[in-house]
Amino acid sequence: IGKLAMERHRLWLRVIYCKQDGPGITKIWREELERLLLMAVVDMAAPERWQIERPHFLREMVKIAMDEVEYPSICKRCNGQKTSILTQNEADSKNQGQNNVIWLAGQSSDCPVCGGNGHKHRGNRYLAFKLGIGETWFRTNWRDRYNSILEVVRGCDGSAKSYLAKRLSS
């Protein structure tokens, strides 16, 4: 792991899990974490030549993604468990067009509501409002990009927790 990634993980644990992000010096840690995540997002976005709407737009998206990871909306269908028991209608729906797998009612599968991640995604209307852009513009031009940013932030969360677990077990 590189030095910047280690610093991101350290700050992620300190700010998100230890809640050391209040007024004063600790607020600087959150801003530094945002900056480091933004650097990772820019590295991802640069080769794709994203056209940025206005200054600080990507940083706003990083902040919203951090908020979504820090305060996830748990999927009501699977209660955050990532899998659920299929109803007959869901099994029938999954079976349409598939020849090699037969799904049965009562069988466990990735939750059809959250797609197996345990969290309810923030809606297009909410995200567009938070970014100050139109919902249609967000949906057609920024939703996939926001999802990419969200994966960068989730990756930081997962890596930080993995790093902490390794340190605690040694």
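**Terms and their grounds**

Guide: Arg 49 is exposed, since its relative accessible area is 68%, and exposed means over 50%, buried under 20% and partly exposed in between, with a 1.4 Å probe and protein chains only. This is a predicted model, in which local features need pLDDT of at least 70, side-chain atom pairs count only at pLDDT 80 or more, and totals for chains, interfaces and linings use all residues. Residues are numbered from 1 along each chain as its sequence is written, and side-chain values use heavy atoms, with hydrogens and water left out.

Visitor: Where does Arg 49 lie?

Guide: Arg 49 belongs to the loop between α2 (25-45) and α3. Its phi is positive, about 55 degrees, although Arg 49 is not a glycine.

Visitor: Why is Lys 82 called partly exposed?

Guide: The relative accessibility of Lys 82 is 44%, so it counts as partly exposed. Lys 82 is in the loop between β1 (73-74) and β2 (83-85), and its phi, near 80 degrees, is a positive value in a residue other than glycine.

Visitor: What makes Gln 96 buried or exposed?

Guide: Gln 96 has a relative accessible area of 63% and is therefore exposed. Gln 96 is found in the loop between α4 (88-95) and β3 (108-110). Its C-alpha atom is separated by 37 Å from that of Glu 70, 26 residues apart from it along the chain.

Visitor: How many helices and strands does the protein have?

Guide: The protein has six helices and four strands. These are DSSP runs numbered from the N terminus: helices are H or I runs of at least four residues, and strands are E runs of at least two. Along the sequence their pattern is α-α-α-β-β-α-β-β-α-α.

Visitor: How do you know that the length of helix α3 agrees with its number of residues?

Guide: The expected span is 1.5 Å times one less than the number of residues. For the 14 residues of α3 (residues 57-70) this should be 20 Å, and the end C-alpha atoms are 20 Å apart, so the two agree.

Visitor: Why is α3 described as mostly covered?

Guide: In α3, 10 of its 14 residues are buried. Among them are Phe 57, Leu 58, Met 61 and Glu 70. For the protein, 33% of its 170 residues count as buried.

Visitor: Why are α5 and α6 called roughly perpendicular?

Guide: The axes of α5 (residues 124-131) and α6 (residues 135-169) come within 10 Å and cross at roughly 95 degrees. Axes are lines fitted to C-alpha atoms, for helices over the stretch in contact, and angles run from 0 to 180 degrees between N-to-C directions. Angles of 65 to 115 degrees count as roughly perpendicular, and α5 and α6 are therefore roughly perpendicular to each other.

Visitor: Which residues of α5 and α6 meet?

Guide: Contact means heavy atoms within 4.5 Å. Residues including Leu 127 and Leu 131 in α5 meet residues including Phe 138 and Tyr 146 in α6.

Visitor: How many disulfides does the structure hold?

Guide: The structure holds zero disulfides. A disulfide is a pair of cysteine sulfur atoms within 2.5 Å. The sulfur of Cys 75 is 3.7 Å from the closest cysteine sulfur, in Cys 111, and is therefore too far for a bond. The sulfur of Cys 18 is 14 Å from its closest cysteine sulfur, in Cys 156, also too far for a bond.

Visitor: What makes Cys 75 buried?

Guide: Cys 75 has a relative accessible area of 1%, so it is buried.

Notes. Parallel < 35°, antiparallel > 145°, perpendicular 65-115°, else oblique.
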